[in-house]
Amino acid sequence: MVRLNSEGRGKRVFGWKAALSVLVFVVIGSAACILPDSPDAFHPQALLRLPIEVPLTALALLLLPRRVAIVCALLAASLLFCLLFLKLADIGVLSAFQRRFDPYLDMKMLFDGWNMLSGAVGTVGAALAIGLAVAVLTMLVGIFFWACVAMTRLGRTARRIAVAGFSIVLAAGLALLAAGPRGGGQGFADLRAASFLGARLSLVATSVADIRAFEAELVAGDAHGAGKPLFSRVRGRDVILVFVESYGRSAIEDPRYAGLIGPRLGDIGRRLQGAGFAVASGWTRSPTVGGLSWLAHGTLLSGLWIDSQARYDRLMESDRASLNRLFRDAGWRTAAVMPAITMDWPESAYFGYDQILAAKDLGYRGSPFNWVTMPDQYTLSAFERLARSPAKAAGKPVMAEIALISSHAPWTPVPKLIDWDAVGDGTAFNGQADSGETPAVVWADHDRVRRQYVETVDYALQALGDYMLRFGGDAVFVILGDHQPAALITGPDASRSVPIHIVSRDHALVQGFIADGFDAGMTPSPKGAEPSMDSLRERLIRHFSRP
């Protein structure tokens with residue numbers, strides 16, 4: 001803006017630096033306030049809003065004393081960072097786990113997020129993506145802070161013009177706010193940023209209270225303490241608990257996947273029945289979705305609802321006996337088969353394993369399938385060779401917890417079964433491991449990602465079916481999914497339930513589960529109940545301990 005002085009010469013009263021600072025403040029501040037906080041909210045209507053926080057903050061910067069205004073600028077920049085970080089975190093966590101980011105419970109998930117991203121796009125791609133995101137966020141906050149400080153230093157005339165402009169905007173925003181929401185239920189003006197941050201503070205307070213309640217639950221003890229006579233119904237037999245990665249209800253019922261998984265389950269059921277096995281299946285609700293498989297393991301094995309890393313960490317420090325430990329105290333040799341564990345695993349001390357077969361202990365000499373360290377067929381073959389056979393030679397039954405991970409993202413390449421006698425040290429799988437497209441190529445096509453996801457689940461089920469038919473003997477198998485995959489695979493608002501199968505040649509044992517609400521065969525009823533996974537521990541103990 002230019003004003004003429006008494007001599008007719010122009011004098012600039014609102015220079016380019018002042019205009020730039022106001023423009024930067026408005027653009028970045030408004031963008032942060034109206035940025036959606038969920039992946040399905042990115043549509044033009046959501047962006048047509050006037051955030052009242054922007055003119056309010058601007059007037060505080062312009063009208064407060066200079067020193068106070070500088071403090072206000074620092075506070076505004078800090079809040080902008082929190083707002084952007086929390087919204088971006090919400091988008092990421094909702095996309096992966098179908099829930100919002102909890103600052104109190106989820107900060108430890110950042111490392112797990114790195115593992116997931118690097119597994120999907122590679123270490124270099126993940127590092128570049130994260131580095132770029134951090135750089136952009138830091139730059140935006142830094143530029144916004146500069147604009148805030150610059151606005152506190154405007155000249156008298158420029159300040160008056162800015163105050164007048166922001167006052168008009170504030171008055172318009174308040175009028176729109178008073179007018180109420182538009183047809184879609186969302187107003188043209190709001191104070192949503194303030195309510196968003198307030199709700200997040202409330203969530204943190206709720207989470208703190210939840211952890212305190214959980215700690216009290218841990219102190220309360222366990223009705224099935226060590227030393228009680230348990231598992232008489234299955235005494236002398238191997239009990240094999242298998243978690244199948246990302247094997248959720250959608251794999252069975254979603255029309256995109258049912259055409260492959262339905263016939264596979266039917267075929268496995270018929271073959272098992274022909275070999276003298278009985279099968280019962282049902283549903284159970286997992287505490288997690290999209291990842292964090294250890295929360296499901298902890299929930300089933302402890303009989304407590306472990307739906308956050310904070311709860312899991314408290315459980316690991318507790319004296320509550322895991323299902324594994326109860327079996328060990330009752331005379332079983334307990335084993336963990338964890339092909340995804342590639343680093344130290346201090347949490348294993350809680351569960352009470354006699355033998356831990358992590359990735360390095362399984363003896364796999366073949367090439368990895370991207371993030372997946374080894375195919376499920378090799379994992380099952382190594383378990384038979386390294387855990388079951390030695391225990392049988394020693395005259396002890398095995399209680400094993402096995403994690404099958406071939407159906408873990410990035411779902412490429414898709415493994416295929418080979419002759420069990422040819423499995424060897426795993427080098428027979430090298431041709432498969434080196435085939436197929438890279439994760440970056442596969443994930444560029446969402447339909448292809450979904451197709452390869454279900455193909456890996458089909459492979460895992462086929463490997464399990466073949467293993468039980470070939471090596472099952474008189475063992476009792478408990479097979480279940482750990483969680484549903486991410487929303488990219490299931491779609492939004494999918495059930496959190498996963499299938500569970502009980503397989504044994506003890507028909508009376510399996511019939512007991514059917515009488516308890518399970519369905520005969522490998523396919524659970526669509527109308528079956530969905531009890532939470534923490535209730536399974538008690539049900540397993542009860543059925544395995546009945547005379």
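Good morning. I begin with Asn 370, which is found in the loop between strand 8 (355-358) and helix 16 (376-393). Helices (H or I, at least four residues) and strands (E, at least two) are DSSP runs, numbered from the N terminus. Asn 370 is not a glycine, yet its phi is positive, at about 60°.

A word on the basis of these values. This is a predicted model, in which local features need pLDDT of at least 70 and side-chain atom pairs count only at pLDDT 80 or more, while totals for chains, interfaces and linings use all residues. Residues are numbered from 1 along each chain as its sequence is written, and side-chain values use heavy atoms, with hydrogens and water left out.

I turn to the loop between strand 9 (398-404) and helix 17 (430-433), where Pro 410 lies. A cis peptide bond joins Ala 409 to Pro 410, with omega about 20°. Pro 413 is found in the loop between strand 9 and helix 17, and a cis peptide bond links Thr 412 to Pro 413, with omega about -5°.

Next, the cavities. On a 1 Å grid over the protein atoms alone, a cavity is a set of points where a 1.4 Å probe fits but cannot get out; a pocket is an open set with protein on both sides within 12 Å along at least five of seven lines; and lining residues have an atom within 4 Å of a point. Grid points are joined across faces, edges and corners, and a volume is the space filled by probe spheres set on the points. The structure holds three cavities of 30 Å³ or more. The largest cavity contains about 70 Å³ of space. Its lining includes Phe 369, Pro 410, Trp 411, Thr 412 and Pro 413. By class, that lining has eight nonpolar, four polar and no charged residues. Here Ala, Val, Leu, Ile, Met, Phe, Trp, Tyr, Cys and Pro count as nonpolar, Asp, Glu, Lys and Arg as charged, and the others, Gly among them, as polar.

Now to the second largest pocket, whose volume is about 330 Å³. Of its 18 lining residues, Cys 33, Glu 53, Thr 57, Ala 76 and Leu 79 are the closest to the centre. Helix 1 (16-34), helix 3 (53-63), helix 4 (66-97) and helix 9 (192-219) each give two or more residues to the lining. Helix 4 provides the largest share, six residues. The lining comprises 15 nonpolar, two polar and one charged residues.

How do helix 1 and helix 3 pack? Their axes come within 9 Å and cross at roughly 140°, where axes are lines fitted to C-alpha atoms, for helices over the stretch in contact, and angles run from 0 to 180 degrees between N-to-C directions. Helix 1 is therefore oblique to helix 3; angles under 35 degrees count as roughly parallel, over 145 as roughly antiparallel, 65 to 115 as roughly perpendicular and the rest as oblique. The contact (heavy atoms within 4.5 Å) includes Cys 33 of helix 1 and Glu 53 and Thr 57 of helix 3. Its residues comprise six nonpolar, three polar and one charged.

Finally, helix 3 packs with helix 8 (residues 156-179) at an angle of about 155°, the axes being 9 Å apart. Helix 3 is therefore roughly antiparallel to helix 8. Among the residues in this contact are Leu 59 and Leu 62 of helix 3 and Val 163 and Phe 166 of helix 8. By class, the contact has twelve nonpolar, one polar and one charged residues. Thank you.
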